[in-house]
Amino acid sequence: PVSAGGVAAANFDREPESSELEPLAALRLASAAVGDDERADLVVLAVARWAAIAPEAAVEWADRLADETLRGRALGAAVGAWAERSPVAAARLALAALPPGPAQDALVLRVVARWAQVEPEAAGAWVSAFPPGELRRAAGDALVARWMERDPVVCGNWVRTLAAGADGDAIVAGYVERAAPAAAPAAATW
């Protein structure tokens with residue numbers, strides 16, 4: 001016999017629209033899964049799929065989860081899915097959904113990575129407004145990593161706007177580290 005969790009996993013693999021069309025039914029099915037890890041994974045998957053079509057509702061539901069770890073994972077999945085549709089709204093949510101700390105930082109970095117793929121300049125303006133500290137450095141590095149794939153010259157122009165100091169220096173160092181391999185062939189001809 002297949003456990004409820006096995007049925008849920010099979011449904012998510014074969015019929016992703018089931019969690020999109022009836023998110024609460026998918027979440028009920030995920031709740032019946034055998035084993036905490038399997039249940040948590042299915043809840044996170046269902047929330048992510050729900051957030052792709054109704055982000056506000058998915059976030060509201062995930063925000064009420066009692067288990068703090070599962071709540072953070074589910075909100076992260078929702079924010080990630082929301083960032084695909086509306087990076088600005090996902091950015092606001094990342095700051096408002098959780099108190100400052102590692103879980104919020106992870107959400108912010110996820111939004112920056114997604115936002116940088118579609119609107120790196122806007123993501124750069126958001127990151128530039130962060131207060132000095134580890135989150136600003138990490139977000140700047142995540143932004144540079146994605147932006148370099150898209151347009152290293154424009155990324156370099158943004159990096160030049162950063163103020164000197166620990167944060168700016170760390171982000172510049174990340175840019176240089178990523179740009180150096182591409183510049184090596186040209187430098188070799190000097």
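A residue counts as partly exposed when its relative accessible area lies between the buried limit, under 20%, and the exposed limit, over 50%. By that rule D41, with a relative accessible area of 42%, is partly exposed. The model on screen is predicted.

**Whole chain**

Start with the protein chain in a cartoon view. Colour by burial next: buried residues make up 43% of the 190 residues. With a surface drawn, the accessible area comes to about 10000 Å², and carbon and sulfur atoms hold 58% of it.

**Salt bridges**

The structure holds 9 salt bridges. Side chains of opposite charge can pair when their charged atoms come close. The stops below cover some of these pairs.

**Stop one: D36 and R39**

Select helix α4, residues 36–53, and show the side chains of D36 and R39. Their closest N and O atoms are 2.9 Å apart, and the two residues form a salt bridge. Both sit in helix α4, 3 residues apart, which means about one helical turn separates them. D36 is exposed at 60% relative accessibility, while R39 is partly exposed at 28%.

**Stop two: D41 and R73**

What joins the side chains of D41 and R73? A salt bridge does, at 2.8 Å from N to O. R73 belongs to helix α6, residues 68–85, and D41 to helix α4, so the pair ties together parts that are 32 residues apart in sequence. R73 is partly exposed, with a relative accessibility of 36%; D41 is partly exposed as well, at 42%.

**Stop three: R114 and E84**

Now select R114 and E84. Their side chains meet in a salt bridge with an N to O distance of 2.9 Å. Helix α8, residues 102–118, carries R114, and helix α6 carries E84, so this pair ties together parts that are 30 residues apart in sequence. Is E84 buried or exposed? E84 is exposed, with a relative accessible area of 53%, whereas R114 is partly exposed at 23%.

**Stop four: a network**

Finally, select E134, R136, R137 and D167 together. Salt bridges link these four residues in a network.

Conventions. Residues are numbered from 1 along each chain as its sequence is written. This is a predicted model: local features need pLDDT of at least 70, side-chain atom pairs count only at pLDDT 80 or more; totals for chains, interfaces and linings use all residues. Side-chain values use heavy atoms; hydrogens and water are left out. Buried means under 20% relative accessible area, exposed over 50%, partly exposed in between (1.4 Å probe, protein chains only). Accessible areas come from the Shrake-Rupley method with a 1.4 Å probe; for residues, only the protein chains shown count as cover. Helices (H or I, at least four residues) and strands (E, at least two) are DSSP runs, numbered from the N terminus.
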